[in-house]
Amino acid sequence: MTAMKKIPQSDLEELRIALTTERDNLEEELAGHGRVLNDAGDWEGASIGFDGEEADPNDVADQIEELVTNVPLVAELEEKHTDIVEALEKMEQGVYGICEEGDEPIPLDRLKANPSARTCVEHALD
Ligand SMILES: [Zn+2]
């Protein structure tokens, strides 16, 4: 076992609050642009407020436009949401802040800039 540089408790709390706040904001945003698909918490972009009864062509065009915007938007929001939920789960398990690629600790500065980072800078995919 290598000695792991532990994240100070106060920083960890700060990061937890940042993650929780961002998660709540994302869930609000997701609810405004999509709907929950299943119990696993997957989301899909949707045209909100479409009741399926009115067949006004203008409404239909609006709904299609809304879908075209919301589907990729929700996919992007959901990806961020998943990262945050997983980061919070790692905190619960005491394995937060470990690079997923190299198993080394992610520098605290990077976590503060991006609390849901999965990897260190060297192993970041983009
Ligand atoms: Zn790494």
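Biologist: What covers the buried residues of H2?
Modeller: Keeping in mind that this is a predicted model, the cover over the buried residues of H2 includes helix H1 (9-33), together with strand E1 (34-36) and strand E2 (43-45).

Biologist: And which are the buried residues of H2?
Modeller: They are Gln63, Asn70, Val74, Leu77, Glu78, His81, Ile84, Ala87, Leu88, Lys90 and Met91.

Biologist: Where in H2 is the kink?
Modeller: The kink, of about 25°, lies at Asn70, shortly before the proline Pro72, and Asn70 is also one of the buried residues of H2.

Biologist: How far apart are the end C-alpha atoms of H2, and what span should its 37 residues give?
Modeller: Helix H2 covers residues 57-93, and at 1.5 Å a residue its 37 residues should span 54 Å, whereas the end C-alpha atoms are 52 Å apart, so the two values agree.

Biologist: What caps the N-terminal end of H2, and what follows the helix?
Modeller: Asp56 caps the N-terminal end, with a side-chain oxygen 2.8 Å from the backbone nitrogen of Asn58, while the residue that follows H2 is Gly94, whose phi is positive, near 75°.

Biologist: Switching to the whole chain, what pattern does it follow, and how much of it is buried?
Modeller: Read along the sequence, the pattern is α-β-β-α-α, which comprises three helices and two strands, and buried residues make up 26% of the 126 residues. The chain exposes about 8600 Å², of which carbon and sulfur atoms supply 51%.

Biologist: Which residues does UniProt give for the zinc finger region?
Modeller: The unreviewed UniProt entry annotates residues 99-123 as "zinc finger region: dksA C4-type"; in the model this span is 24% helix and 0% strand, and its end C-alpha atoms lie 8 Å apart. The record also places "domain: Zinc finger DksA/TraR C4-type" at residues 95-122, where the chain is 21% helix and 0% strand and the end C-alpha atoms are 19 Å apart.

Biologist: Is Thr119 buried or exposed?
Modeller: Thr119, which lies in the segment after helix H3 (108-113), has a relative accessible area of 11%, so Thr119 is buried, the cut-off being under 20%.

Biologist: What does Thr119 touch, leaving out residues up to four places away in sequence?
Modeller: With those left out, Thr119 touches Cys99, Glu100, Glu101, Ile106, Arg110 and Ala124, and in the case of Ala124 a polar atom of the Thr119 side chain lies 3.4 Å from the backbone nitrogen.

Definitions and conventions: Residues are numbered from 1 along each chain as its sequence is written. This is a predicted model: local features need pLDDT of at least 70, side-chain atom pairs count only at pLDDT 80 or more; totals for chains, interfaces and linings use all residues. Side-chain values use heavy atoms; hydrogens and water are left out. UniProt positions are given in the numbering used here, feature names are shortened, and annotations may be inferred rather than shown by experiment. Helices (H or I, at least four residues) and strands (E, at least two) are DSSP runs, numbered from the N terminus. The expected span of a helix is 1.5 Å times one less than its number of residues. The bend at a residue is the angle between axes fitted to the seven residues ending there and the seven starting there. Buried means under 20% relative accessible area, exposed over 50%, partly exposed in between (1.4 Å probe, protein chains only). Contact means heavy atoms within 4.5 Å. A polar contact is a pair of N or O atoms within 3.5 Å; within protein, one must be able to donate a hydrogen and the other to accept it, and residues adjacent in sequence count only if both atoms are side-chain atoms. Accessible areas come from the Shrake-Rupley method with a 1.4 Å probe; for residues, only the protein chains shown count as cover.
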